[in-house]
Amino acid sequence: MEFSRRDTLALGLGAAALTVLPFRVNAAADDAIAAFTGGAAMADAGVTLTAPEIAENGNTVPVSVSAEGATAILLLAAGNPTPGVATFNFGELAGAHSASTRIRLAGTQDVVAIAKMADGSFAKASSTVKVTIGGCGG
Amino acid sequence: MKFKQMTAIAALALALPTLSLADADDDKLVINGELEMVTKTAAPAHLDGALSEVISGWHFRDDDTQKMQMDDFDNAGMLGVEAAAEMWNAVDGSEGKSCASCHGEAESMKGVRAVYPKWNEAAGEVRTLEMQINDCRTTRMGAEELKYAGDEMTNMVGLISLQSRGMPVNVAIDGPAQATWEQGKELYYTRTGQLDLSCASCHEQNYGNMIRADHLSQGQINGFPAYRLKNAKLNGVHNRFKGCVRDTRAETYKEGSPEFIALELYVASRGNGLSVEGPSIRN
Amino acid sequence: MADGVKPRIKAPKSAKAGEAIVLKTLISHNMESGQRKNKDGSVIPRSIINRFTCEFNGKSVIDIKMEAAISTNPYFEFEAVVPESGELLFTWYDDDGSVYTDKKAIAVS
């Protein structure tokens with residue numbers, strides 16, 4: 001197949017559009033976020049997500065979330081077949097509003113944490129985790 | 001002179017990235033804040049300079065994975081050990097006995113893992129821990145054999161290994177075990193599969209390097225059984241051998257086969273002096 | 001009930017009033033995701049623990065909604081502040097309707 005000058009230009013524009021699109025993970029993850037936030041705006045500070053840059057194995061990936069003053073933290077794996085991971089609801093006797101767990105990631109993807117604050121506002125953090133499939137350890 | 005210097009600098013430049021990125025790290029393995037493990041030590045004499053130092057696979061793992069092994073609560077391999085502890089006390093078979101009927105507490109197994117595989121004089125063969133467990137079950141308990149690499153067996157090996165944790169691996173390679181050991185050594189250096197790799201290709205000549213995204217260790221087995229992040233359960237030595245041989249794209253030997261028994265003795269002997277770590281955490 | 005499900009808990013036996021204590025939990029469970037297939041190609045139905053809660057003397061410490069991306073043998077680490085002596089109650093809810101519980105007493109000085 002041959003590309004005309006016009007085709008190439010169009011492809012280039014399409015690629016550029018993809019890169020400049022705002023934070024958008026995938027439809028299912030977006031739905032989960034909307035259900036949690038009710039569509040409210042999310043601050044970029046206020047929640048900390050700790051995840052490895054490269055997971056030794058996608059089947060057991062240690063992650064931690066923390067958000068002082070949060071009533072709940074939603075944790076999503078945007079690239080999984082179903083993006084939900086967990087929702088941590090902090091009770092009145094919670095110490096630091098943080099939690100650690102071990103999760104499954106189906107491949108390299110963004111892990112997203114969204115905190116719901118006591119005042120009803122939201123904060124978001126995301127982290128890309130590289131996951132290799134196959135090989136000796138896979 | 002100048003040429004030599006330049007070669008040295010070039011060699012250094014080449015070596016540096018591997019050192020910083022992939023080599024075994026210098027962390028210290030202390031379990032539960034009290035049990036110090038020997039994870040690096042002088043290579044046993046029989047290696048004859050093939051390795052200067054033997055290094056536990058623990059050093060080749062990420063900090064997060066390492067941490068899971070430093071606390072017995074974080075170590076999910078203990079779930080397998082706990083399951084085996086129940087089985088230790090459970091009566092099974094026609095003789096109405098459990099492991100505990102003869103052996104008492106599981107603690108009585110202290111030191112056993114460190115010296116297995118081991119020559120059994122009466123049977124006239126080298127036996128792995130798995131074989132010895134099945135011998136107990138069939139001849140003393142009148143019970144069914146456990147599947148060689150099944151979960152119940154691997155968990156039981158985990159329980160028995162735990163009793164020797166921190167003791168140096170010390171398998172005998174001379175006397176009647178020598179022929180089996182030689183066979184294992186032969187297998188270790190034999191290339192197999194479409195990729196034409198021997199154990200030594202990766203684990204002796206290239207440990208510390210990356211093979212694509214995998215960080216090659218020395219392939220030591222002092223940490224087995226290992227709870228692998230990959231399948232979230234305890235895995236036995238032969239199961240890991242099988243995975244390795246499969247990765248060379250060869251037909252593999254079976255778990256419990258004479259070839260893998262010989263290979264286990266040889267590979268265990270390469271780690272003589274390292275602490276028994278089982279149940280460990282690996283990727 | 002899934003076979004061999006057994007909770008493990010790490011909690012201090014004593015604490016100071018108002019001090020944050022670290023709690024760890026681990027429970028043996030396959031967490032069958034509903035994404036895997038049998039050898040014959042049919043999907044293995046999802047079977048997971050879908051909720052975990054920790055309470056102290058009837059008051060909530062944490063309540064976690066769990067989904068299929070939580071690894072086999074679910075592990076959690078979190079903190080609690082305990083105002084008086086009492087009992088921590090840990091509860092796991094299985095898809096199949098089973099409920100697993102464990103308790104830990106804490107003396108507060």
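**Cavities in the predicted model**

In the largest cavity, α11(B) gives the biggest share of the lining, three residues. This is a predicted model, in which local features need pLDDT of at least 70 and side-chain atom pairs count only at pLDDT 80 or more, while totals for chains, interfaces and linings use all residues. Residues are numbered from 1 along each chain as its sequence is written, chains are lettered from A and ligands numbered from 1 in the order in which they are written, and side-chain values use heavy atoms, with hydrogens and water left out.

Now the terms. A cavity is a set of points, on a 1 Å grid over the protein atoms alone, where a 1.4 Å probe fits but cannot get out; lining residues have an atom within 4 Å of a point. Points are joined across faces, edges and corners, and volume is the space filled by probe spheres set on them. Helices (H or I, at least four residues) and strands (E, at least two) are DSSP runs, numbered from the N terminus.

The whole structure has three cavities of 30 Å³ or more. The largest holds about 120 Å³. Of its 13 lining residues, those closest to the centre are B:Arg113, B:Val169, B:Ile221, B:Asn222 and B:Ala268. In chain B, α5 (112-115) and α11 (258-270) each supply at least two lining residues.

The second largest cavity is about 70 Å³. Its lining also counts 13 residues, with A:Glu56, A:Pro62, B:Asp62, B:Asp64 and B:Thr65 nearest the centre. Two or more residues each come from β3 (54-55) and β4 (61-66) of chain A and α2 (63-69) of chain B. The largest share here, three residues, is from α2(B).

Methods: 1 Å grid on protein atoms, 1.4 Å probe; cavity = no way out; pocket = protein on both sides within 12 Å on 5 of 7 lines; lining within 4 Å.
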